[in-house]
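Dear colleague,

Please find below the structure that I am handing over to you. My findings are set out after it.

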Amino acid sequence: MTALAGFTPYLVMIIGAAFFVVARNKSIQSVSGNLASLHSRPSFHGLLSLLWILIVGFGLYFVMLIVGRWVIDAALLNEIRAADPSLLDIQANLVLSDAKSLAQGNIASRTDELRVAISDRFAEMTFMHRVSILFVPILAGVAVGLWQLSKVAPEWRARNRAERILRGILFTCAVIAVLTTIGIVISLIFETLVFFDNLEWRIDKFLFGTNWTPLAGVSEGRIDPDRVGAVPLFVGTMLITLIAMLVAVPIGLFAAIYLSDFASPRFRAWAKPMLEILAGIPTVVYGFFAATTMAPFFRDLGDVLGLSIASESALAAGVVMGIMIIPFISSLSDDVINAVPQSLRDGSYGLGATRAETIRQVVLPAALPGIVSAVLLGISRAVGETMIVVMAAGQGANLTVNPLEAVTTVTVQIVMLITGDTEAATAAGPAFTLGFTLFCVTLLLNVIALRTVRKYRELYD
Amino acid sequence: MVDLSELSSRHISEEASRRARRRNASQVRLKVYGLLAIGLAALALVALLWTVVGSALGSVKENYITLSVPVPAAEFAPEGELTRVQAGRAAQAAVRDHMRALFPFADTRAERSQLGDVLSSGASFELAAEVLDNPELLDTDVEFQFVASDVADLYYKGFYGEFIAVPSSTSIRIEPGETESDANIFLQQNVFRNVVEAVQTELTRRADRAADAAALQDNGVRAFERRLATATTDEEREEFQTEITSRTTQRDALLAEEAALREQVDTAGTSDTLDNRMPSVLLKVGGGWIKLTEFQQQTAQGTIIEPVEFGEYQDGDWQILKNTVPEVARKVSDFQAVILEDLREMGVVEDAWNLRFLSSGDSREPELAGIWGAAVGSFWTMIVTFVLAFPIGSLAAMYLEEFAPKNTITDFVEVNINNLAAVPSIVFGLLGLAVILPVMNAIGNDDFRSAPLIGGTVLALMTLPTIIIASRAAIRAVPPSIRDAALGLGASKLQTSFHHVLPLAMPGILTGTIIGMAQALGETAPLLMIGMVAFIVDIPTGVTDSASVLPVQIFRWSDLPERLFSSRTAAAICVLLIFLVIMNALAVFLRKRFERRW
């Protein structure tokens, strides 16, 4: 029977559907079929019951599911401590997890009287928990349904009430985006604070130190503040971003100028989708391209020119990242250049300027804020880009501004820390701190860019 | 009064026309820059697709070797009952014994292990599975297509160079050499001319390298001599002196090596040694194969790989084959090459369309690895993403466009959504790791790491802003007259929105959703963060099974050293790109077909 607990959500839905029909029919009967004298249409009466049952039933189910486990764990830990007060917290937890695996018929690290007793208690409480999550939401759902059913009457304002609930649901959906942001900020800040606390608040060591080997020697306990200098990562990220922008900005901008002011409609019709395809290619594909084609190409080119170019050079990763960013720059710039009013262009032509002069001296200055924000958005993309650099850039923190050498970036280090072999709790500190830094920088760039665009739009609207 | 003639002279003078030319030239320049920029972008796109497709072509076909292997019931089912484990073990032994019987000259341990590398390690398990399905095959000789191993497959596809016959028209005599495995070869004419050239190139390269190394040592010697001159203490002097002596000896040794190599280059063609850095030269004669190790103008010495009948052979009865890819540069040794050539001559090698790649799950062996597991994982992940992101996104857009009061809270939500759209995807992965994974694990009381449920949820949060922004634009495009008409007929605000605005905005909302989903399908970084990078062979059957997804599979394969895996990676990229093209085409179709201009 306890296996039925998993079916509670379905049962709640069935009950909801049943009450929908019942409430709907009751409303029709209450006016003996003369629907015009009902305040709300019959289906709104049904809908109101349904919504109430779903909210109460599902809410109780999930709350009981999670809270129930906490309660059981807390109660059992108390019993363990009562039985043997000499146990440390860790030992008590070990006893508890052993007891749980005993209860499920698995092998425990040790079997003794206390564990068997606790495992019996655990089985007992789990059974109670299962039974309660099977019955409580269903009974509550039925009760709420009956309560709503009793209210059904010709002048009952079911529609207004149902719509208020639906509006609440819509609002909740809109708020999820905000909750996501809050979740991101809280989780990042929490781990960052723990990490800085481990460093004894030597934040300057993180921001200005030049030696990045955060996991060396962590087995001895504390993280060494002298080994978490993130400057090599910042410099590496900036170097790759700079190379990417040196590729993307000229190509993107010239492409946008040509497409908006010179290209024939036919040329535009195939050139724009071509650039959009570039934007739709997944970054992991760019990473593959960078690692298998561009990097060897640059290395061989270096051999020909007599330069030694590392096979994980910043140049290869940066150039490929630039290719990825071209469409962002070009489509955003295209938009802002097109948004420059025709009257400005006409005025310039009227004074005898050529098209090139009009673009250089009238259109571009007018579109400058928009172009700047396009570049800022491009930078924010480049800074946060992960797969290309994970696959094509270096992994060692190497403080250099030479584009021919291997450098590492913030995102590469996050991936290495999280997917590495080190224990998750230890690696999370530096990784989340870097993530928080990344979040702050990109957020700042976005806010500035969006604000510039908004101001600029207002100028010509 | 203005002198008009002077004014017009400003416009017709020589200087004026020069000015005009300059201005027009600068316009042409700008145009050229624009075209150049678009050309470069197109070039990058073509180069990218070219690399991927070119590399993926190596995975379009795969090689099979058909062998007739005895399947004794005594081995496969010793107790009268076929079990998977026993049949697998017996099949492995049967295939191994059959190969050894075919090639009895593989008698050393190393040769036998090389022989074992010709067929894929999964091939015998496929035979076992075949026998399990058809027990009537027991005690018969089963004709079965065995998958070639990755190196054999690449050899047949020509990735390790090809053994090409050297033209010759002379008779040859083979005599036993000093030991049992050596042979002496006597020819009427010199047929080694174009082998000599390759040997010379290699020797010259080695001489150059020795010269470079000698130059480095020489630099060292001079540097230490300079330091010796300025050294102050005896200790230092002694240290520098020893350095100088050792470096001088090394330099002189290298110079001597260089001189010797140069001399060999000059005398090449009289007597040369072939080592494994030089092109491989094989002699196919008398029912066997000899690998040449040394050759003079009309004589040669070699190692016998496959036993040869000694004697005299006429022109046309024998062949000299040369592979310009040296043995060290390929995964297939000359011994294996002989086996593979023999198999090819037996006519048992054939290639077939590589359907296995599309139908099987991941594997450690590149020739067995397939994309189906990852494709199904991607499917489940996308289902989760769609189920979460589509309703939440469109309802949120509906609220913001139709219901939200204009106040600071709404403004804040709007700014928030716009900024969320530009948060790096890896940060969403960190959110998934820190919040979503633990919460889901608590709800389900299970470990959901690498389940599509978690990955899909993270991707849904990531695509939500894209969907909301697109949906809002679609809802905004529905003209107010529609709303006014519905309200005028007595519909409530909510009825207006759900019954009239939403259906009209639906094509736009769906287009935005599909574009967001296409983005999510190609996303890798957040999934790496939540640990969706495990090696998973089984095809997932639901959203809570462990699964891999296409982009993560591409990332994992691209990291593996086997050469065939890089071709498999490119093929997987092609599959991913095809899915993306289909999704985007669907979005374009929806937009073209259903979107109304008001």
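The predictor assigns the complex an ipTM of 0.89 and a pTM of 0.87. For chain B, the average pLDDT is 87, and 99% of the residues score at least 70. Where pLDDT is low, the predicted coordinates should not be read in detail.

Chain A contains 15 helices and 0 strands. Its radius of gyration is 32 Å, whereas the globule rule gives 23 Å for 461 residues; chain A is therefore more spread out than a compact globule. The C-alpha trace of chain A spans about 80 × 75 × 40 Å along its principal axes. Of the 461 residues in chain A, 44% are buried. When contacts in chain A between residues at least 6 apart in sequence are considered, 72% of them join residues at least 24 apart.

Which residues of α8(A) are buried? They include A:Ala271, A:Leu275 and A:Leu278. These residues cover an arc of only 45° around the axis, and so they lie on the same side of α8(A). On the face turned away from that buried side, α8(A) carries the exposed residues A:Pro265, A:Arg266, A:Ala269 and A:Trp270. The packing partners of the buried residues of α8(A) come from both chains: α7 (231-261) and α10 (314-339) of chain A, and α2 (14-56) of chain B.

I turn now to the nonpolar cores. The largest has 258 residues, and those with the most contacts inside it are A:Ala290, A:Ala317, A:Val320, A:Ile388 and A:Ala392. The element that gives the most to this core is α7(A), with 18 residues. Leaving aside residues up to four places away in sequence, A:Val320 touches A:Tyr286, A:Phe289, A:Ala290, A:Met294, A:Ile388 and A:Ala392. Another core, of 23 residues, lies apart from the largest one; among its members are A:Ile15, A:Trp52, A:Val144 and A:Val152.

When you open the model, α8(A) can be viewed together with its partners α7 and α10 of chain A and α2 of chain B.

With kind regards

How values were computed
Residues are numbered from 1 along each chain as its sequence is written. Chains are lettered from A and ligands numbered from 1 in the order in which they are written. This is a predicted model: local features need pLDDT of at least 70, side-chain atom pairs count only at pLDDT 80 or more; totals for chains, interfaces and linings use all residues. Helices (H or I, at least four residues) and strands (E, at least two) are DSSP runs, numbered from the N terminus. The radius of gyration is taken over C-alpha atoms; the globule rule is 2.2 Å times the number of residues to the power 0.38. A residue is buried if 20 or more other C-beta atoms lie within 10 Å of its own, exposed if 12 or fewer, and partly exposed in between; C-beta atoms are placed from the backbone. Two residues are in contact if their C-beta atoms, placed from the backbone, lie within 7 Å. The arc is that of the directions from the helix axis to the C-beta atoms. A nonpolar core is a set of buried Ala, Val, Leu, Ile, Met, Phe, Trp, Tyr and Cys residues joined through C-beta atoms within 7 Å. pLDDT is the predictor's confidence in each residue, from 0 to 100.
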